[in-house]
Amino acid sequence: MGTKIEMVSVAEPWFNFLPRNSIELTARVARKCINEARINVNDLGLLINTGIYRYKNFGEPAIAALIQKKIGANTNNDTESNRPGKTFSFDLNNGGCGWLTGIQILQELMISKKINYGMVVTGDAEPFYGLSENFNFKTAAAAIILSRSKDSEGFTQFKTYSYPDHPEELTSSINYNYQRQKSKRKNILYVRQKDTYPDLCAMYACESLNSFMDESGLKIKDIDLIIPSQSPDGWIRKVKKIIGSNDKFIEYQKNGKKMLHTAGPAFALKQVWSDNRFKSSKHIIFLTVGSGINVSVAHYFNQN
Amino acid sequence: MDWKCQIESIGAKLPEKKISTIELVAKLNIPCIKKFGLLTGIKERKVCSAGEDSFSLATDAVNDCLSFSKYRAEDIDMIINCSITKYKGGLSHHFEPTFAALIKNAIGAKNAVTFDISNACAGMMTGVYLAENFIRQGMIKTCLIVSGEYISSISDHALRNIRTSLSKELSSLTLGDCGAAAILERSENNNGLIVSGFTTLSKYSGLCTARQNRKTPGGFMKAKAKKIHQAAISESIPIVHNALKKSGLSFNQISWLIPHQTSRSSIVSGANFYVEHFGQKPKQVLINLKDTGNTASTTHFLALYKYLNEKRFRDGDNIMLLCFASGLIIGVVIFKMNEIVCRYGNKN
């Protein structure tokens, strides 16, 4: 029994000068995903938000709860049958690997038959517009709906590899910018990425992928598609060079200088989902990298 | 194979510095707030001093937890950080890498997979829900759930803004700082975690919100405390009922009911509502507010830690942890006290 993808949807702001609200954007993509998947929103058992940079840096409630309300998924207890509301939601942060970690949690809960459908949403935007330094992440959001499959189709294996010697390669925090003049004092989001980060991501991703292949008994030549993270800039090119299978890696065409962060792998997936390459492929690898440095790898099997 | 899961050890860390409710409300010039301490049952709360923050509280709590545990840091398979506040280096809110990854490095848990979750005051309980599932599936053997809450900074904002006793920021004055950690492990016997059930009733998600300040350090919280309390109590009945049914226990077989620690008056009125509804009452309702206040996501584990150290629990006691958090999240965890009591010096 596996966990299969029902639908993936992505969204960017309609106008560059308008919505920078990560919550609205994520809710929009979640609604779109439900409509495209043609499922009943009340069938969602779990909703996980894996976005990191959130509108006004909301601490509570979880952004997932706000999105649950906006899409109208079991917002209340079932008063007729006197049963508890069926949807549980929370936020998860695991950097660039968060989206895949969210999917793994859904898979675990589906195997234990606690839920039949689950959704992982993610969205990043500058928390306070204009109050950041080196925030090179594009405002974008994505949603994916998974369901329990009766056969072997779907995600078969997940593995996360940690390389904790490099916690300083990518860091971000909101710090208080103390100024003499009171009106100029503000909280600023600082993102710091070292030049060596893409190289290290590529190196460790290759190492992790090789270990994953050995553990799962797969060979790189059996893999039809590799769906990677879309940040940091340049890491996909480097990893392609090491592995040498250029055509298998899905790279989302960048529009401008900013990178896709937690929604990156979903945008790559959407690209091959739309042109049917995903459904016509048998073995698909999801390869995500994130600060820490963490590498998460998952295998998806399609029964063609 | 479906494994069982149990809480193996619990640790906590409270800052040394105290602020009494009398001191706090004296800063407000509102007469009816003078009874705040009486209503909430909070005499004082612990607050961070210079050099302390969410991260230091979390790591200290983990080290305390490990001191009671049979496991070493390198035996931990997974670390889930569950705090709302992620302050490191004063009031700097940290995003990346995750807090869990930093804690892993700090304690030397080199084999652990890490991630952070955020689910308001239900954070640690959500961690239990996830860890239980990973352990039952056989994916991991041990999971460390940790949270460090440097949340008292919210009360500074409240003190500047409260004008009347009806202020939405009044509940910010109940908050205190704390770190808590728990190790969950795979178990081969039936003693341990019996059931966990959670739901988010997002209809009420606007009743309590907290976010970052734009121009001053820290954040602020606004809550319609009475409304959220009424909704939480009335809406929790089906969840508690369901959990009791799954566990095969009746309400009067619960030895200790440990609700989310907000204020004495709301806990007492909630317990009375349950007694009226179920026609039965648990043997004890635990209130742990007097010296620590509401410590957000850590309240349940801080209460468990305190009562374990005071040797108040007995082997075989049925414990019900009941969480209410903004969202509105309602969650129930029922477990049986087991040999963990011996680890805290209780020989009975």
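First, the ground rules. Because the model is predicted, local features need pLDDT of at least 70 and side-chain atom pairs count only at pLDDT 80 or more, while totals for chains, interfaces and linings use all residues. Residues are numbered from 1 along each chain as its sequence is written, and chains are lettered from A, with ligands numbered from 1, in the order in which they are written.

I'll start with the contact between the chains. Chain B puts in 51 residues and chain A puts in 52 residues; two residues are in contact if their C-beta atoms, placed from the backbone, lie within 7 Å. On the chain B side, the elements giving two or more residues include α4 (99-107), β6 (113-118), α5 (123-136) and α7 (225-247). Helices (H or I, at least four residues) and strands (E, at least two) are DSSP runs, numbered from the N terminus. By class, that side of chain B has 20 nonpolar, 22 polar and 9 charged residues. Here Ala, Val, Leu, Ile, Met, Phe, Trp, Tyr, Cys and Pro count as nonpolar, Asp, Glu, Lys and Arg as charged, and the others, Gly among them, as polar.

Now look at β6 of chain B. Which strand of chain A pairs with β6(B)? Strand β4 of chain A, residues 88-93, does, in the antiparallel sense over 3 bridges; two strands pair if DSSP finds at least two bridges between them. A:Asn93 has B:Asp116 as its bridge partner, and A:Asp91 stands opposite B:Ser118. β6(B) also pairs within its own chain, with strand β4 of chain B (residues 78-81), in the parallel sense over 4 bridges. There, B:Met78 is the bridge partner of B:Val113.

Is β6(B) mostly covered or open? Mostly covered: 6 of its 6 residues are buried. Buried means 20 or more other C-beta atoms within 10 Å of the residue's own, exposed means 12 or fewer, and partly exposed is in between, with C-beta atoms placed from the backbone. In a regular strand the side chains alternate between the two faces of the sheet. On one side of β6(B) sit B:Val113, B:Phe115 and B:Ile117, on the other B:Thr114, B:Asp116 and B:Ser118, and all are buried.

Next, the domains, whose bounds come from an automatic or database domain assignment. Chain A has domain 1 (2-151) and domain 2 (158-163 + 194-301), with C-alpha centres 22 Å apart. Their contact takes 25 residues from domain 1 and 27 residues from domain 2 of chain A. On the domain 1 side, α3(A) has the largest share, 5 residues. That side divides into 11 nonpolar, 12 polar and 2 charged residues.

Chain B has domain 1 (4-187) and domain 2 (193-343), with C-alpha centres 15 Å apart. Here the contact takes 54 residues from domain 1 and 49 residues from domain 2 of chain B. β1(B) gives the most to the domain 1 side, with 8 residues. By class, that side has 25 nonpolar, 18 polar and 11 charged residues.

Last, helix α6 of chain B, residues 153-161. Its buried residues are B:Ser153, B:Ile154, B:Ser155 and B:Ala158. They pack against α1 (21-26), β10 and β11 (219-223) of chain B.
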